[in-house]
Amino acid sequence: MLLRRFYDDGLAQASYLLGCQATGDAIVVDPNRDIAQYIQAAEAEGLRISHVTETHIHADYVSGSRELAARTGATLLLSAEGGPGWQYGFAASDGATLLRDGDRITVGNIRLDVMHTPGHTPEHLVFLVTDGASADRPMGMLSGDFIFVGDVGRPDLLERAAHVAGTMETAARQLFASLQRTRALPDYLQLWPGHGAGSACGKALGAVPQTTLGYERLFNHALQYTDEDAFVRDILAGQPEPPAYFARMKRINRDGPALLGDAARAPARLDAAGVDAAIARGAWVIDTRPVAEFSAGFIPGTIGIARSRSLTTWFGALVPENAESVLIARTEAEALAVARELRLVGYDSITEWAPASVIEDRRRSGAPVATVHSEHPAAVQARLGNGAHPRLLDVRNANEWALGHIPQAEHAFLGDLEAIMRDAPREAPVVVHCQGGTRSVIATSLLVARGFRDVTNLEGGYAEWQRAGLPVAR
């Protein structure tokens with residue numbers, strides 16, 4: 001048996017190709033939308049992708065299962081569990097084979113036994129993998145968003161992201177029952193999870209690529225509980241805000257992602273005048289340069305979301321689903337890479353980009369170029385004490401706020417900032433901060449783009465405030 005792991009850093013997402021080298025058949029589990037990587041890997045190994053499946057209806061990226069099955073002619077296998085509200089809407093039209101608890105998938109000499117593990121989502125499945133050429137018992141579990149390294153899949157997403165009210169506690173109790181089912185499985189069982197560190201699908205995922213069930217029984221906090229009520233209380237506490245685009249991903253993946261085929265075109269290049277025209281007509285112009293470069297000079301009306309592991313999170317949190325979007329990037333290669341990353345979360349219509357040189361073009365022509373105005377915490381503290389003190393906005397998440405915050409601050413989570421400030425007076429002074437100064441630059445640019453005229457970024461964020469020995473509240 002051949003096992004190949006694919007990992008997307010931006011999504012903190014893992015997918016897997018399992019191949020039977022004796023028969024040449026292969027199955028791909030939890031593919032993302034970049035399906036070329038699986039096809040190329042299978043060809044390089046002399047394998048044919050005969051089956052495609054996924055553990056559940058994903059919330060954090062557009063699934064590639066439908067696209068990959070259509071491209072390769074592979075059998076598409078989808079969960080039939082979860083009740084009427086969480087059935088795949090495209091299963092019948094795509095001729096998918098439906099999977100239930102206790103079913104078995106055979107791929108050459110590889111056996112995948114299906115286990116229904118609700119909790120993170122109602123329809124969630126895991127696959128127990130047996131290399132039938134040399135063993136009669138499973139060697140590992142493709143655990144999806146059920147058990148991670150050091151954590152388990154959060155049970156609150158259906159309510160907090162998909163807005164299905166009153167489901168959190170039920171899901172948490174289902175998750176507890178699913179974990180109890182694993183008691184019959186051996187310690188040596190390898191776990192191959194669907195996400196790693198940085199994913200919002202759990203509280204605190206580990207960064208190593210795989211683990212064993214025995215290790216998790218010793219050190220994973222969620223596997224220590226024998227009392228269901230205590231588990232439910234603790235697993236629901238302290239979960240981070242789900243990114244705003246998760247609800248849209250759930251809907252897309254349930255109802256059927258659009259098939260891209262070969263239609264994804266390279267975005268067209270704009271000049272400075274083209275960027276101005278895009279801003280004027282209401283397009284979201286996203287500047288993806290590093291924070292320091294953006295802060296030193298940007299076009300008023302653009303939003304600075306640096307290309308990083310959190311690009312898709314903040315793009316998805318701020319940019320509406322069908323909004324016209326234009327990218328600013330240092331090079332065409334970077335623009336293409338960002339467009340590809342955004343397609344993974346369902347933004348298919350980024351048709352234009354502009355090089356970073358448009359900033360200098362504007363400077364030379366005398367057109368306005370803005371900078372991020374930053375102040376040291378001591379200077380901000382002095383301003384907070386005078387009569388015309390600014391409005392201080394903390395754009396971190398709720399868990400960070402609860403651990404400590406500046407006494408005069410107002411919590412205004414970045415994903416909700418535009419709504420919070422929609423009716424605020426544009427002339428009033430505002431200071432924004434996050435933990436270290438990256439998210440606050442996004443916030444600063446967003447407020448400037450929405451017409452706020454006196455916006456300051458707290459230099460170094462809350463971390464620098466603490467280092468300066470200034471007062472904090474809890």
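Let's start with R289, which sits in the loop between strand 14 (284-287) and helix 9 (291-296). Helices (H or I, at least four residues) and strands (E, at least two) are DSSP runs, numbered from the N terminus.

A word on the model. It is predicted, so local features need pLDDT of at least 70 and side-chain atom pairs count only at pLDDT 80 or more, while totals for chains, interfaces and linings use all residues. Residues are numbered from 1 along each chain as its sequence is written, and side-chain values use heavy atoms, with hydrogens and water left out.

Back to R289. Is R289 buried or exposed? Buried, because its relative accessibility is 6%. Buried means under 20% relative accessible area, with a 1.4 Å probe and protein chains only.

What does the R289 side chain reach? A polar atom of this side chain lies 2.7 Å from the backbone oxygen of G297. A polar atom of the side chain also lies 3.4 Å from the backbone oxygen of E293.

Now the contacts, meaning heavy atoms within 4.5 Å. Leaving aside residues up to four places away in sequence, R289 touches F294, G297, F298, A306, I328, R330, A356 and I359.

Next, A12. Find it in the loop between strand 1 (2-8) and strand 2 (13-19). A12 is not a glycine, yet its phi is positive, about 50°. A12 counts as buried because its relative accessibility is 2%.

Last, D30. Look in the loop between strand 3 (25-29) and helix 1 (36-44). D30 has a positive phi near 60°, and it is a residue other than glycine. D30 is buried too, at 4% relative accessibility.

Key
Buried < 20%, exposed > 50% of the residue type's maximum accessible area, 1.4 Å probe, protein only. Polar contact = N/O pair within 3.5 Å; in protein donor to acceptor, adjacent residues only side chain to side chain.
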